Amino acid sequence: MTLDLDAYFARIGWSGERRPTVEVLRSVHRAHMLGIPFENLEPVLDSAPSLALPDLEAKLVLGGRGGYCYEHNTLLAAVLTRLGFRVTLLAARVVLGAAPGDIRPRTHMLLKVEAQDDPGSFLADVGFGSSGALLEPIPLVVDTELLDTPRRHRLVHAPHDGPLEMWELQTEKGGAWEPQYEFTLEPFEAPDYDVINWHIATNPRSPFRQAVYAQRTLPGLHRALSGRTLVETADDGTVTERELSGPAEVLRVLADDFGVRLPDGTVLPG
C-alpha cells in the first residue's frame with residue numbers, strides 16, 4: 001500500500017525535512033513516542049490486532065488509537081523505510097521485572113536502523129510500554145550511554161551461550177542501571193511477528209489478556225495505567241497514584257488522559 005506520510009507526520013506533530021539522516025531519525029522517534037500512546041485493548045477485548053499496514057494506519061494514524069510493540073514498530077519501520085533508512089527487524093526478551101533465573105521468550109519487537117549520514121547502526125523502539133522506554137534511538141555501540149532527556153539509557157553486552165553477542169538495554173533509575181530487555185542482531189521477518197502477536201494476544205496466560213495496560217509519554221510527565229491503577233510520574237521524580245473505580249472510569253481515563261477512544265458501547269471486563 002501507499003503509506004500516507006502526511007497523515008502520519010500530522011498525527012505525531014512532526015514537520016521536518018524528509019531525509020534519511022540521524023537527526024530526522026531522532027526527531028521522528030521522539031515525536032512518535034509523544035504522539036501515539038501504548039495500549040493493549042484488543043487482547044483485553046478478546047481479539048488479536050492486525051499488523052497489516054492498512055489496518056495499522058487506520059487505527060494508529062487515522063483512528064486516534066494506540067497499540068503495543070508490534071503495531072508501533074511495524075508502523076515506524078514502514079515510515080523509516082519510505083524515508084530511505086535501512087531497517088532490520090529484531091526481537092528481544094523482556095527482562096524488566098523477571099525473577100532471577102526466569103527465561104522469557106522473545107516477544108518484544110524492536111528495530112535496527114541505518115542512516116545515510118552515519119556509518120553506524122541505531123536501536124530504535126517506539127513500542128516498549130514502560131517508563132524506561134527509549135525516547136530517542138541509541139547507537140548500537142557497546143557501553144554507549146544516551147541522555148534522551150529526561151531519561152538516560154545505555155547498551156551493554158550480557159552473558160550468553162549462543163553464537164551471537166547478546167545486547168542489553170538498560171535505563172537509569174535512582175542512580176542505578178535497570179535492565180529492560182536483551183536481544184541479538186539476528187534479523188526477524190514480518191511473519192515471525194504474526195506468530196508472536198497471535199500468541200501474546202490470544203494465550204489465556206498472556207499478561208496482555210489479563211488487564212488493561214496503557215502508557216502515555218508527555219512533555220514533563222509519564223502516565224501509566226495498569227488494570228485500575230493510574231500512576232503519573234513527573235520528570236522531577238514526583239509520583240502520584242490512584243485507583244480507578246471500575247470499567248466505566250477506566251474508559252473515561254483512557255479517553256481523557258491517554259487519548260484512546262473506543263467505540264460507543266465498548267464494555268471492558270470487570
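Analyst: Let us begin with a rule: the rings of Phe, Tyr and Trp (its six-membered ring) pair if their centres lie within 6.5 Å, and the planes count as stacked under 30 degrees apart, edge-to-face over 60 and tilted for the rest. The model is a predicted one, in which local features need pLDDT of at least 70 and side-chain atom pairs count only at pLDDT 80 or more, while totals for chains, interfaces and linings use all residues. Residues are numbered from 1 along each chain as its sequence is written, and side-chain values use heavy atoms, with hydrogens and water left out.

User: How many aromatic pairs does this rule give, and how is the pair of Tyr-68 and Tyr-70 arranged?

Analyst: A pair of aromatic rings is described by the distance of the centres and the angle of the planes. The count here comes to nine aromatic pairs. Tyr-68 and Tyr-70 form one that is edge-to-face, at 5.1 Å centre to centre with 85 degrees between the planes. Tyr-68 is buried (under 20% relative accessible area, whereas exposed is over 50% and partly exposed lies in between, with a 1.4 Å probe and protein chains only), because its relative accessible area is 1%; Tyr-70 is likewise buried, with a relative accessible area of 1%.

User: Which parts of the chain does the pair of Phe-128 and Tyr-181 link?

Analyst: The ring centres of Phe-128 and Tyr-181 are 5.0 Å apart and their planes stand at 85 degrees, so this pair is edge-to-face. Helices (H or I, at least four residues) and strands (E, at least two) are DSSP runs numbered from the N terminus. The pair links distant parts of the chain, with Phe-128 in the loop between β4 (122-124) and β5 (138-139) and Tyr-181 in strand β9 (residues 176-183), 53 residues apart. Phe-128 and Tyr-181 are both buried.

User: How should I read the packing of α2 against α5, and at what angle do their axes cross?

Analyst: Two packed helices are described by the angle between their axes and the distance between the axes. The axes (lines fitted to C-alpha atoms, for helices over the stretch in contact, with angles from 0 to 180 degrees between N-to-C directions) of α2 (residues 22-35) and α5 (residues 69-83) come within 12 Å and cross at roughly 150 degrees. In their contact, Val-24, Leu-25, Val-28, His-29 and His-32 of α2 meet His-72, Leu-75, Leu-76, Leu-80 and Leu-83 of α5.

User: Which residues of α1 meet α5?

Analyst: Leu-5, Tyr-8 and Phe-9 of α1 meet Leu-75, Leu-76, Val-79, Arg-82 and Leu-83 of α5. The axes of α1 (residues 5-12) and α5 come within 11 Å and cross at roughly 120 degrees, and these two helices are therefore oblique to each other.

User: Where is the cis peptide bond?

Analyst: The bond from Thr-149 to Pro-150 is cis, with omega near 10 degrees, and Pro-150 has its place in the loop between β6 (145-148) and β7 (151-158).

Conventions: Contact = heavy atoms within 4.5 Å. Parallel < 35°, antiparallel > 145°, perpendicular 65-115°, else oblique.
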